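Student: I have a fold open and want to learn how to read its features. Can we go through them one by one?

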Amino acid sequence: MRRAAALVLPLVLVACNSAEPDVSRAEGARGFPRADRPISKVVSTEFSTEDQRDNLGEAQVVMDLAAIRAGTTVADIGAGEGYYTVRLAERVGSKGRVLAQDIDGEAMQRLGQRIVRERLDNVSIKVGAPEDPRLPQNSFDRIFLVHMYHEVAEPYAFLWHLRPALRQGGQVIVVDADRATDKHGIPPSLLFCEFNAVGFRLVEFVRKPELKGYYAQFEAVGPRPAAKDIKPCTAAKGKTQTP
């Protein structure tokens, strides 16, 4: 019984010295800082019609900027109905792989049916958790977060769990709009701060009309910080909070 009590002690300390763990948060997010920002609600798994997005050349622009080519391995997080998934599958070819992930199980079922219908043999699907994309480690050259990062309620836990999935030299691609996080966007300064807090460095940032927003590319640098050492950012200015 003494041994069991010792195992429980760290959880008590993590929960801000309360008697019990913070059960209001998912288990995978406990011990990480809370985000100091509102989030947008997921209103649909379809951002707009695929024809409209293709007419703007959206996917082509993003894949070119991300240097997606034959043989690349990509995780499409927040895949929804599969707009990027099917186009990535065509670009990476038979020697590449695409993992489509979403927290919406029904959307993943529909996408699975589409994958079978379109015979996309280089695509697999996975249901993730809001605080943890549940990606296999050391598996991806690129991880796409397209018009979805502003919906992540636990960004520090999410990015911390995501980071080990990158291969050596792998990068995270974010496409989003420059507006408030409760208006389906995120200011770039806040995005940069949150990624930096978990040990990512900005590699490229461009604004493109085809994206109705901006493109940001990050790479992991140095060791992944411990959850307790992550310093959260303030939503007002995208600056790290000081104790």
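Student: Which residues does Ile143 touch, leaving aside residues up to four places away in sequence?

Tutor: This is a predicted model. Start with a general idea: in soluble globular proteins, nonpolar side chains tend to be buried together. Now the case here. Not counting residues up to four places away in sequence, Ile143 touches Ala75, Ile77, Leu135, Leu162, Ala165, Leu166, Gln171, Val172 and Ile173.

Student: Which members of the largest nonpolar core touch the most other members?

Tutor: Ile143 again, along with Leu145, Tyr149 and Phe195. That core has 36 residues. At least two residues come from each of these elements: strands S1 (73–77), S4 (140–146), S5 (166–176) and S7 (213–220), and helices H6 (155–162) and H7 (188–197). H6 gives the most, with six residues.

Student: Which residues does the second core include?

Tutor: Val62, Ile115, Ile173 and Val175 are among them. This core is separate and has 27 residues.

Student: Now the sheet. What is the order of its strands?

Tutor: The general idea is that strands of a sheet pair through backbone hydrogen bonds, either parallel or antiparallel. Here seven strands form an open sheet in the order S3-S2-S1-S4-S5-S7-S6. The pairing is mixed. Strand S3 (123–127) and strand S6 (200–208) are the edges, each pairing on one side only. On average, neighbouring strands are turned by 20 degrees against each other, direction ignored.

Student: How many bridges join S1 to S2, and do they run parallel or antiparallel?

Tutor: Five bridges, and the two strands run parallel. S2 covers residues 97–102. For a landmark, find Val74: Val98 in S2 stands opposite.

Student: Which strands does helix H5 touch?

Tutor: H5 (residues 105–117) packs on the sheet and touches S2 and S3. Its direction makes about 170 degrees with that of S3.

Student: And where does H6 lie?

Tutor: Across S1, S4, S5 and S6. H6 runs at about 160 degrees to S4.

Student: Which cysteines does the disulfide join?

Tutor: The structure holds one disulfide. Cys193 is joined to Cys233, with an S to S distance of 2.1 Å. The angle about the S-S bond is -95 degrees, a left-handed link. The partners are 40 residues apart: Cys193 sits in helix H7, Cys233 in the segment after S7.

Student: Are these two cysteines buried or exposed?

Tutor: Buried means under 20% relative accessible area. Cys193 is at 7%, so Cys193 counts as buried. Cys233 is at 1%, so Cys233 is buried too.

Key. Residues numbered from 1 in each chain as written. Predicted model: local features only at pLDDT ≥ 70, side-chain atom pairs only at ≥ 80, totals over all residues. Heavy atoms only, no water. Core = buried A, V, L, I, M, F, W, Y, C linked by side-chain atoms within 4.5 Å. Buried < 20%, exposed > 50% of the residue type's maximum accessible area, 1.4 Å probe, protein only. Helix = DSSP H or I, 4+ residues; strand = E, 2+ residues; numbered from the N terminus. Contact = heavy atoms within 4.5 Å. Pairing = 2+ DSSP bridges. Axes fitted to C-alpha atoms, helices over the stretch in contact; angles between N-to-C directions. Disulfide = S-S within 2.5 Å.
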